[in-house]
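Biologist: Please take a close look at one part of this model and describe how it sits in the rest. Say where each term has a cut-off.

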Amino acid sequence: MATELDSIFDVIEHHRELSAQYDAVVSAKLDDGPELGAADAISDERSLALQQYAAVLIRSKPGTLAGVIALSRYVASLPAWLLSDEYDWHQPFLRTLADALGKGATP
């Protein structure tokens, strides 16, 4: 029921899917050759997509208290490299959570 009330669960799930797609390429065992070059290109594309969506993730405002908790826990579980960008993500993320809580995220 919480997912029906709060789109943040869809945002988190999409980020998980992008992460799984990236992990699948990175974990593939390939020998040197054309396949390795292609895999590197795909890895770079998926890494970029994942990092770009991280910006969406940290700026998406939960609509429920369950969403605030889920988003907080999910972001806390992410590897540091994923959120280390040329900008400081902590402030926008905390502002997003504070806004959600201040607007009365429903239980």
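Modeller: R73, A76 and S77 are exposed on one side of helix α4, where exposed means over 50% relative accessible area, buried under 20% and partly exposed in between (1.4 Å probe, protein chains only). The model is predicted, so local features need pLDDT of at least 70 and side-chain atom pairs count only at pLDDT 80 or more, while totals for chains, interfaces and linings use all residues. Residues are numbered from 1 along each chain as its sequence is written, and side-chain values use heavy atoms, with hydrogens and water left out.

The other side of α4 from R73, A76 and S77 carries the buried residues G67, V68, L71, Y74 and V75. These five lie on the same side of α4 because they cover an arc of only 140° around the axis, taken from the directions from the helix axis to the C-beta atoms. An α-helix has 3.6 residues a turn, so residues three or four places apart point the same way.

With 13 residues, α4 reaches 18 Å from its first C-alpha to its last, close to the 18 Å expected at 1.5 Å a residue; the expected span is 1.5 Å times one less than the number of residues. Helix α4 covers residues 65-77, and L65 belongs to it. L65 counts as partly exposed because its relative accessibility is 38%. Together with I69 and L101, L65 makes a nonpolar surface patch of about 250 Å².

In the loop between α3 (34-59) and α4 lies K61, partly exposed at a relative accessible area of 42%. K61 and L71 are 10 residues apart along the chain, and their C-alpha atoms are separated by 9.1 Å. Leaving out residues up to four places away in sequence, K61 touches T96, D99, A100 and K103, a contact being heavy atoms within 4.5 Å.

As for the rest of the protein, the secondary structure comes to six helices and zero strands, helices being DSSP runs of H or I with at least four residues and strands runs of E with at least two. Buried residues make up 33% of the 107 residues. Of the contacts between residues at least 6 apart in sequence, 77% join residues at least 24 apart.

Methods:
Patch = residues over 30% accessible without salt bridge, like charges linked within 9 Å, V, L, I, M, F, W, Y side chains within 5 Å. Areas by Shrake-Rupley, 256 points an atom, 1.4 Å probe, with all protein chains shown as cover. Salt bridge = Lys/Arg side-chain N within 4 Å of Asp/Glu carboxyl O.
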